[in-house]
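Colleague: I'd like to learn how to read helix packing and strand pairing. Can you walk me through this one?

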Amino acid sequence: MPLSSQAKALLDMVYRVGAPRFHELSVDQARHSFRKLQWAWGLPSPAVATTAEVAMTRADGSTLNARLYRPLESAEDDELPLLIYFHGGGWCVGDLESYDVLCRQLANGSGCAVLSIDYRLAPENPFPAAVEDAIFSIEWAAEQAQLLGIDRECIALGGDSAGGNLSIVGALLAHERASVAIRFMFLVYPSTEIASERPSRQLFSQGYLLDRESLEWFYGHYLPAGDDEDWRASPMRAPSLAGLPPILLVTAECDPLADDCRAFAERVRAEGGEIEHVAVDGVVHGFITLGQFFPQATHAVDRITAGLRQAVRA
């Protein structure tokens, strides 16, 4: 299918005004630009029952920050299923604020508490810092279930782009360590493989928002030592994907990562896993948080929250 009218309008605007791309910016500028994009084209912030800032203390005494959302339908003493969410942004940009609206939507739509993780970003903290934060946050949340008011037997993971990557890796590590049983996982256009020559990498390499040079900029900051064969960076390199929970995979048609996502889904199925693939036609990478521009974002969030609600209450 061709680009949707909304995607074409967004791309025409971005490229017409000559907005600098990520690889043309400093890291601080890229982070500011990413926030501005979310604020300009994200939906209004829906009310939830409560939010709380959470500080998770690591073994070395440092803290990993997160934000806990409880859905509007919940009572203060309800023990809720938990979704741990890892935001996108190429492991370099994105934060709790830029994903606040999406996490509120996820909480209200699913009936789950949502713990949004402010994992360490590159280049200040390159690979494997974000991976370490992902598994730490999963295990910490399970251990602190009573404090969070959640059911440790009903934990799901979710994430978009780089956050989808961290969800996959976190789930595999939790399975390997037999530490937390993950009930369900949803992934939105996740990065499954750093080095790839699949057709979508070429077909959508220019003019579709996530350009080839920007991908290389993200990968270069996250993996300065060139660890792209490490399965914790490229989960398609994992020895096995058999330990993953049931997955809902959402992809964008006009995305350089689209074929990598399809290959991941095929491998999950080949190894006996359960995965449902929802391909959204005519949209570009990043659409899920741009609900003012893309009505498809609302439809995708509704599909995700319905699947999540069903999975954690089964």
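Modeller: Leu-102, Gln-105, Leu-106, Asn-108, Gly-109 and Ser-110 of helix α3 touch Val-301, Ile-304, Thr-305, Leu-308 and Arg-309 of helix α10. By class, that contact has 5 nonpolar, 5 polar and 1 charged residues. This is a predicted model, where local features need pLDDT of at least 70 and side-chain atom pairs 80 or more, while totals for chains, interfaces and linings use all residues. Numbering starts from 1 along each chain as its sequence is written, and side-chain values use heavy atoms, with hydrogens and water left out.

Colleague: At what angle do α3 and α10 pack, and how far apart are their axes?

Modeller: Two packed helices are described by the angle between their axes and the distance between the axes. Here α3 (residues 100-110) and α10 (residues 295-312) pack at about 45 degrees, with axes 8 Å apart. The pair is therefore oblique, the class left over once under 35 degrees is roughly parallel, over 145 roughly antiparallel and 65 to 115 roughly perpendicular.

Colleague: Is strand β7 buried or exposed?

Modeller: Buried means under 20% relative accessible area, exposed over 50%, partly exposed in between (1.4 Å probe, protein chains only). In β7 (residues 247-254), 8 of the 8 residues are buried, so the strand is largely enclosed by the rest of the structure.

Colleague: Which strands pair with β7?

Modeller: Pairing takes at least two DSSP bridges between strands. β6 (residues 182-188) runs parallel to β7, joined by 4 bridges, and Val-188 sits opposite Val-250. β8 (residues 275-284) is also parallel to β7, over 7 bridges, with Ile-247 opposite Ile-275.

Conventions
Axes fitted to C-alpha atoms, helices over the stretch in contact; angles between N-to-C directions. Helix = DSSP H or I, 4+ residues; strand = E, 2+ residues; numbered from the N terminus. Contact = heavy atoms within 4.5 Å. Nonpolar A, V, L, I, M, F, W, Y, C, P; charged D, E, K, R; others polar.
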